[in-house]
Amino acid sequence: ARALKLAPSLLAADFARLGDELRAAEAGGADLIHVDVMDGHFVPNLSLGPLIVEACRRVTSLPLDVHLMISSPERYIGAFAEAGADIITVHAEATPHLHRALGLIRECGVQAGVALNPATPLTVLNEVLALVDLVLVMSVNPGFGGQTFIEGSLRRLRAARAIIDAQRPGCLLEVDGGINHETAPRAYHAGADVLVAGSAVFGGEGGVAHNLTALREAVQ
Ligand code: DX5
Ligand code: ZN
């Protein structure tokens with residue numbers, strides 16, 4: 001069986017207690033910390049920048065998985081690399097220079113990811129797969145936490161899994177949006193290695209460690 005990685009999304013955390021939330025995620029068995037960066041242009045919401053990534057870097061030793069939902073991400077790749085990102089993911093739709101942006105991430109010594117919105121054909125992967133360590137299939141339209149998983153994402157995950165297995169084994173397949181105890185097992189069995197979850201980890205009453213265990217048990 002493929003190793004399952006859980007990546008709590010900070011977007012759903014309490015930003016007034018960010019250090020505690022990060023420590024709880026790490027103690028609870030998170031594999032990565034997913035950090036959502038939004039610019040109010042590529043997506044209709046604003047979130048955080050390199051300053052917060054650098055603050056997270058000081059609190060956790062988990063890999064920081066930085067998801068850039070920003071236009072022309074190549075402008076900020078250096079800043080996020082310096083802030084301590086381990087993986088930087090850019091959207092295929094966010095720049096006419098996707099190939100250059102991915103190369104730039106690698107030049108900064110950081111792992112590179114490419115993200116695809118729900119309506120973006122997977123064929124773009126053929127052109128950039130050699131340049132990436134991670135493929136992110138969005139299972140909601142990016143911009144907000146707490147949205148409903150788009151069912152068609154399962155077919156996209158299966159297709160992306162087949163492309164990765166054939167052309168670039170070892171590349172991680174990540175899914176982001178609407179992951180909970182019900183969708184997590186289906187996304188995993190459709191081929192995802194990394195499950196991003198915001199509200200399912202930081203929301204609810206049970207606590208972060210309990211929520212992570214529940215997600216893991218739902219998949220197994
Ligand atoms: C959406 C973000 C997600 C979001 C997921 O634009 O990229 O990472 O935080 O939140 P949930 O898990 O609540 O759908
Ligand atoms: Zn995200």
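I count two residues as in contact if their C-beta atoms, placed from the backbone, lie within 7 Å. The model I am working from is predicted.

**Entry 1: D36**

I started with D36, which is found in strand β2. I left aside its neighbours within four places in sequence and listed the rest. D36 is in contact with S9, L10, L11, S47, H67 and M69. Is D36 buried or exposed? I found 24 C-beta neighbours inside 10 Å, so D36 counts as buried. I also looked up its distance to F144.

**Entry 2: ligand 1**

Next I went to ligand 1. There are 22 residues around ligand 1. Which of them come nearest? I noted S9, P142, G145, G198 and S199. β2 is the strand in which I had found D36. S9, one of the nearest residues to the ligand, is also on my contact list for D36.

**Entry 3: α1 against α2**

I turned to a helix pair. Two packed helices are described by the angle between their axes and the distance between the axes. Helix α1 covers residues 18–27 and helix α2 covers residues 50–59. I read an angle of about 50 degrees, with the axes 10 Å apart. Angles from 65 to 115 degrees would count as roughly perpendicular, and those under 35 as roughly parallel. α1 and α2 are therefore oblique to each other. I recorded the crossing of α1 past α2 as right-handed. Which residues make the contact? From α1 I have L18, G19, L22 and R23. From α2 I have A55, C56 and V59. By class, the residues of this contact divide into 5 nonpolar, 1 polar and 1 charged.

**Entry 4: L134**

I looked up L134 in strand β6, residues 134–138. It has 21 C-beta neighbours inside 10 Å, and the cut-off for buried is 20 or more. L134 therefore counts as buried. Leaving aside neighbours within four places in sequence, I listed its contacts as I87, T89, Q111, G113, C171, L172 and E174. H99 and L134 are 35 residues apart along the chain, and 14 Å separates their C-alpha atoms.

**Entry 5: two loop residues**

I finished in the loops. S72 lies in the loop between β3 (64–69) and α3 (77–83). Its phi is near 45 degrees, a positive value in a residue other than glycine. I found 15 C-beta neighbours inside 10 Å, so S72 counts as partly exposed.

A119 lies in the loop between β5 (111–116) and α5 (124–128). Why do I call A119 exposed? Because it has 10 other C-beta atoms within 10 Å, and 12 or fewer counts as exposed.

Key
Residues are numbered from 1 along each chain as its sequence is written. Chains are lettered from A and ligands numbered from 1 in the order in which they are written. This is a predicted model: local features need pLDDT of at least 70, side-chain atom pairs count only at pLDDT 80 or more; totals for chains, interfaces and linings use all residues. A residue is near a molecule or strand if its C-beta atom, placed from the backbone, lies within 6 Å of it. Axes are lines fitted to C-alpha atoms, for helices over the stretch in contact, and angles run from 0 to 180 degrees between N-to-C directions. Helices (H or I, at least four residues) and strands (E, at least two) are DSSP runs, numbered from the N terminus. Angles under 35 degrees count as roughly parallel, over 145 as roughly antiparallel, 65 to 115 as roughly perpendicular and the rest as oblique. A crossing is left-handed if the near helix is turned anticlockwise from the far one by less than a right angle, and right-handed if clockwise. Ala, Val, Leu, Ile, Met, Phe, Trp, Tyr, Cys and Pro count as nonpolar, Asp, Glu, Lys and Arg as charged, and the others, Gly among them, as polar.
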